Amino acid sequence: MYEVALGYVIGSAASLFLFRAWIKENIVSNTLDMLIREDYVRSWIDDEGIIQLSKLDEGIPDLGEISPEVWAQFEKIIQEMKEEDEREEDDTP
């Protein structure tokens, strides 16, 4: 009975030791894929073809500034959303 348990423990340790690089790569790759999918991390391919990553609060470089027209559209949308929220609050009994 002890031989089976000992064999299981030794086999598990050996497999973790032999495949540790693959396991780490797989975990990191899956974690990054999930973060990119959930928009916590942004990715883009630079001019040299290398995938670059940045956190959401860092932004993506070299995209230029947002034009005043686009800012005006954003402000209009935000104002409309605030007005809708106020109307919904007024309609509640």
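Read along the sequence, the protein chain of this predicted model follows the pattern α-α-β-β-α, and its secondary structure amounts to 3 helices and 2 strands. Of the 93 residues in the protein chain, 2% count as buried. The chain exposes about 8,900 Å², of which carbon and sulfur atoms supply 59%.

The two strands are considered next. Strand S1, which covers residues 41-45, and strand S2, which covers residues 51-55, pair in the antiparallel sense over 5 bridges. Among the residues joined in this way, Trp44 has Gln52 in S2 as its bridge partner, while Ile45 has Ile51 in S2 as its bridge partner. In a regular strand, the side chains alternate between the two faces of the sheet. Together, S1 and S2 form a hairpin with 5 residues between them, and in the turn Gly49 has a positive phi of about 85 degrees.

Ser54 lies in strand S2, and it counts as buried because its relative accessibility is 5%, whereas the limit for a buried residue is under 20%. Tyr40, by contrast, is found in the loop between helix H2 (20-37) and S1, and Tyr40 counts as exposed because its relative accessibility is 52%, the limit for an exposed residue being over 50%. Although Tyr40 and Ser54 are 14 residues apart along the chain, their C-alpha atoms are separated by 8.9 Å.

A pair of aromatic rings is described by the distance of the centres and the angle of the planes, but the structure holds 0 aromatic pairs. An aromatic ring does, however, take part in a contact with a charged group, since the charged end of Arg20 sits over the ring of Phe17, at 4.4 Å from the centre of that ring.

Technical notes:
Residues are numbered from 1 along each chain as its sequence is written. This is a predicted model: local features need pLDDT of at least 70, side-chain atom pairs count only at pLDDT 80 or more; totals for chains, interfaces and linings use all residues. Side-chain values use heavy atoms; hydrogens and water are left out. Helices (H or I, at least four residues) and strands (E, at least two) are DSSP runs, numbered from the N terminus. Buried means under 20% relative accessible area, exposed over 50%, partly exposed in between (1.4 Å probe, protein chains only). Accessible areas come from the Shrake-Rupley method with a 1.4 Å probe; for residues, only the protein chains shown count as cover. Rings of Phe, Tyr and Trp (its six-membered ring) pair if their centres lie within 6.5 Å; planes under 30 degrees apart count as stacked, over 60 as edge-to-face and the rest as tilted. A charge sits over a ring if NZ of Lys or CZ of Arg is within 6 Å of the ring centre and within 35 degrees of the ring normal. Two strands pair if DSSP finds at least two bridges between them.
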